[in-house]
Amino acid sequence: MLGTDQQEVGPAFRTWRAHRPFLGGLLLTLGGVEILITMKVSLKIVVHLGMQGLAGFMLPALMVVCGLLILFNPAQRLFYSIVGIMLTLGTWVTSNLGGFFVGLALGAVGSCMAFGWLPDQDPRVSRSQRRKDKQMGKAAMAAPDATESTDSTGPAAADDGHEGGEGSLRGSMRSSTAASPSHLTM
């Protein structure tokens, strides 16, 4: 019974994840968590630059909140990602150089990914699948159908964009200028 639940959870999570900027929100959240962890370490290496105290803890905490909001409210991802990148850049000064650059890099990359995510985008096609599609297209072009009509009134005379065809731009420009050269005399 556990196996059937597992099979149902996997596709449901993948569907949920596909409809939001999952990786961007996750990286922004992880960047904030990493910066919060470096604020709490008790190492002698910790660099204290700028404002320490409340701002040093508040900016990474707000980064975590923005990352979670990107995950659970993707409709407002643009606003949250802009706020997230500003908070991330603010941690450079307030939180040990942005968590020793790691949290800063995670937050910046996550915010940029969330900002650039497009909803309802077709899934990426692998390179091998694109090659197969291209080869299938070439094979289809090499063996044209015998059912196509070849007269100029049929579907074969449609605008194919080639030079000289009736529907092409150059052919129509040539025929219109040849028919009425009066535009040259004015």
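1. Helices here are DSSP runs of H or I with at least four residues, strands are runs of E with at least two, and both are numbered from the N terminus. By this rule the protein has eight helices and zero strands, and along the sequence they follow the pattern α-α-α-α-α-α-α-α.

2. The model is a predicted one, in which local features need pLDDT of at least 70 and side-chain atom pairs count only at pLDDT 80 or more, while totals for chains, interfaces and linings use all residues. Residues are numbered from 1 along each chain as its sequence is written, and side-chain values use heavy atoms, with hydrogens and water left out.

3. Of the 186 residues in the protein, 25% are buried, where buried means under 20% relative accessible area, exposed means over 50%, and partly exposed lies in between (1.4 Å probe, protein chains only). The accessible areas themselves come from the Shrake-Rupley method with a 1.4 Å probe, and for residues only the protein chains shown count as cover.

4. Leu 23, Leu 26, Leu 30, Val 109 and Met 113 make a nonpolar surface patch of about 390 Å². Patches consist of residues with over 30% relative accessible area and no salt bridge, and they join nonpolar side chains (Val, Leu, Ile, Met, Phe, Trp, Tyr) within 5 Å and like charges within 9 Å. A salt bridge, in turn, is a side-chain nitrogen of Lys or Arg within 4 Å of a carboxyl oxygen of Asp or Glu. Helices α2 (22–40) and α6 (102–116) each supply at least two residues of this patch, and the largest share, three residues, comes from α2. Leu 23 lies in helix α2 and is partly exposed, with a relative accessible area of 46%.

5. A positive surface patch is formed by Arg 124, Arg 127, Arg 130 and Arg 131, and Arg 131 belongs to helix α7 (residues 127–142). Lys and Arg count as positive and Asp and Glu as negative, whereas His and the chain ends are not counted; the place of a charge is taken as NZ of Lys, CZ of Arg, CG of Asp or CD of Glu.

6. Phe 100, in helix α5 (residues 96–100), has a positive phi near 55 degrees without being a glycine, and Phe 100 is partly exposed at 30% relative accessible area. Phe 101, in the loop between α5 and α6, is likewise not a glycine and has a positive phi of about 70 degrees; its relative accessible area is 44%, so Phe 101 is partly exposed.
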